Amino acid sequence: MVGNPMRLEPREQRSLAVILGYPLVALAVAAAFCAILVMFSGANPLSVFGLMVKGALGTQFAFLETLTRATPLIFTGLAAAVAFRAKLWNIGGEAQLYAGAVMTVVFGTGLLPLPWPVLIPVLMVAAMLGGAIMLSIPTFLKTRFGVDEVVTTLLINFIAILFVSMLLEGVLKDPMGLGWPQSKKVIADAQLGKLVQGKRLHFGFVIALLAALAIWVIDRRSALGYEMRAVGHNPKAAAFAGIPVNRVLAKTALLSGGLAGLAGYSEVAGLKGNLTLDLSPGFGYTGIVVAMLAMLHPLGVVAAAIFVAAVFVGADAMSRTAGVPSYIAHVMVAASLLCMVTAVMLTRYRLRWR
Amino acid sequence: MSRENAGEAEIVLRLAGITKRFGPLVANDNVSLTLRRGEIVGLLGENGAGKTTLMNILFGHYVADEGSIEVDGTPLPAGSPGAALAAGIGMVHQHFTLADNLTVLDNIILGTEPLLRLSSRRNAAKARVRELAEAFGLAVDPDATVSALSVGERQRVEILKALYREARVLILDEPTAVLTPQESTSLFETLKKFADRGLSIIFISHKLGEVLAACHRVAVLRGGKLVAERPVAGATRADLAELMVGRTIAPPKAEPQPAGPAILELSGIAARRGAQKLESLSLALHGGEVLGIAGVSGNGQSLLADLISGLVTPATGTMTLKGKVLASPSPRQMVAQGVARIPEDRHAEGLVGDMSVSENVVSEAYLTPAFSHHGFIDWKKAREFALKIIKDYDVKCPGPEARVRLLSGGNMQKLILGRVMANDPVIVLANQPTRGLDVGAVTYVHEQLLAARKRGAAVLLISEDLDELLSLSDKVAVIYRGQLSPVIRRADVTIADLGLRMAGQGFEHGGESHAA
């Protein structure tokens, strides 16, 4: 504040117009920025955006593809949102997703010959446990020894992926896989049905929506949601009031890791059928972006996940016709995130020039 | 120069028509103030009266919306701390700005040396510091490390720092907050000496007695306006208090009443956390009685409070509550047993600023059947509880949905009082309960504590404000380096004796006062 011409003053009240208006302005600014980049690559921004919208939402096929892509992002977005609410910086969604996927193929490829109404819940619980354990280790290190979870969860991603690679070259390798590092397919009873006959969108999307709804209820209504918010906002005050901070963080880790684990289950059992090393093109990391775009709101995560998925799907389609590299999708998502984070700050503070 | 002829000396500092607005709030409203050579002016006002804003404008941290500042007749450029320093204005902040791991000399010359010169003129600087210390009676060893100094010595270093930079106007912001009564008296002597040598001093305080003891003239700020300016000679505490608050205030009185049985007994407690420790500490809290704990900040008060709050488990010794030994106390257990806990820091420990009033009032009780069923919180009941507290405790806020961060300190404290007093507590632990509150809120908190005493609760009052301690307590004990003095009845306490004990006299490892 000293000698600085620009400063931030907290807003006393946040009007609804500000809360809803600023994020829209943020997206517009991001679009304008991307339009400049598109012009640099020699294309017309309007036609590129038009192609993207058409490619993401224009046809039934495109729209279903967007929702398919959004499904794992809803799970990993919820995982990040839940953890970030409690200021547990879970960057390890990727590892937790793969842990869930590994659990799915371990129990879902014939080990448990159960009918689907039993097997699917069992596999979901197993996948959640896998993800939960994956996050519980860094959380324990954090609460017990004060190890920074940003570092541990991030590094565990690499360990997890290398571990999966080892499994796919070893015990989980499909003997019929012609030497490819891939697991066996999950059995029919383990698979999630398609929502639309002959399309890729699967029942995992519905589970993701239900999960978002459940997290919303937990967040708003339950004692656990209250505890997680209190611990996130002010752990010292929470501890003073008698909220067991470490236990709440442990529960948060179970919930967050479990959600990311479900992403792994949903991708294997709903879409791919087996586990490969390219199961996730960074869904764990993108989930963080989704959660931030949604301002950590569980229902907002659904919208943000669909938005991000639409950008990626749309950019793929656009690049095939317009000749603009589909990398523009990454730029768009990143620009949207930066603008959104700024907008969120500006809903809390107002900029003052003196 | 003595205070008699200070009235005629030349004007060194003139603040004219200073106005500063923060949004709708007018922090300073057309404030004009002059300071003459060799004069000590007390700037008196409640928290939020605008004292700090005014001084921040003077020192260049803020820019005034209207008004001007002149030093020795020359206008001072706005918004430049560097210009203020160059003009000879020195500021000693309430919270010291010293680097603990450097020596006194390093701290003093820090920032005065050109960055790129290889050899600093340390010897010359040291001689000058010695000379200043000698001349002004501020004995400090220039080679001592700051972390080894007592609070009083650190304050001397801060003052030396300003003098080293040739300050001719010295601003002291609440300088006695961290001192024992004896140290305060000695500081006042030093200030008088400064004034005699031609320095001009602005002494910021909300303590009436100090202003009367230390200053020549007093300026009273209220609600951003300068409401009075008069010589100290002839002014009384009552006048000043009324000017400061804007109405007459009747201090709450504790009616004598017999003490009840011991409710909480600590015996032979030892505990440690970081640099803070408690050693073989024993005390008993009786119903219907206020026990005051005096001490210089950092001598184990917060550890003692955390112990009774259930946040710290003693290494040795026992805590007996209502005849039952507490094996491993927890905050929840203490709350359930009827301990009302008013924390030292409302913002850091008492409340979650980004959560609503409703969410904050149930933070200790959200798991009780009154507010939750099967793990789900009944927010309707929480809202009703919040409304009741808002009404009963006169909390000024937009409503139960308002974020607590927006409340004033006094209203935050009322909210905490409402939360902890709801279940008719048997013990009230009040740790610095009025720190940073305005006089009205202070009176309210005091009334609530005395009301709890009247209902038969045992009150443990930990406070650095001796006036508060002595006006409320039935018995007083002093804490020093984690040890507790014998408990003295209020009637037998003298300020001088209390001050000596706060400085460590009568304790096992007694000596001069050190604060962690």
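This is a predicted model: local features need pLDDT of at least 70, side-chain atom pairs count only at pLDDT 80 or more; totals for chains, interfaces and linings use all residues.
Trainee: What makes B:P329 buried rather than exposed?
Mentor: Count the neighbours. B:P329 has 20 other C-beta atoms within 10 Å, and the cut-off for buried is 20 or more. So B:P329 counts as buried.

Trainee: Where does B:P329 lie, and which residues does B:P329 touch?
Mentor: Look in the loop between β15 (324-325) and α10 (331-336) of chain B. Leaving out residues up to four places away in sequence, B:P329 touches B:G310, B:T313, B:M319 and B:M334. Contact here asks for C-beta atoms within 7 Å.

Trainee: And how far is B:P329 from B:V426?
Mentor: Their C-alpha atoms are separated by 16 Å, and the two residues are 97 residues apart along the chain.

Trainee: Next, strand β19 of chain B, residues 427-431. Why is β19(B) called largely enclosed?
Mentor: Because five of its five residues are buried. You can check both faces, too: B:I427, B:L429 and B:N431 point one way, B:V428 and B:A430 point the other way, and all are buried.

Trainee: How do you know that β19(B) pairs with strand β16 of chain B?
Mentor: Pairing needs at least two bridges, and four bridges join β16(B), residues 339-342, to β19(B). So they pair, and they run parallel. To find the spot, look for B:V339, which stands opposite B:I427.

Trainee: Over to chain A. What makes helix α11, residues 283-293, "mostly covered"?
Mentor: Ten of its eleven residues are buried. Among them are A:F283, A:I288 and A:L293.

Trainee: Which helices do those buried residues pack against?
Mentor: In chain A, they pack against α3 (60-85), α4 (93-108), α6 (149-169), α10 (245-272), α12 (298-322) and α13 (328-348).

Trainee: And what happens just after α11(A)?
Mentor: There, A:M295 takes a positive phi of about 50°.

Definitions and conventions
Residues are numbered from 1 along each chain as its sequence is written. Chains are lettered from A and ligands numbered from 1 in the order in which they are written. A residue is buried if 20 or more other C-beta atoms lie within 10 Å of its own, exposed if 12 or fewer, and partly exposed in between; C-beta atoms are placed from the backbone. Helices (H or I, at least four residues) and strands (E, at least two) are DSSP runs, numbered from the N terminus. Two residues are in contact if their C-beta atoms, placed from the backbone, lie within 7 Å.
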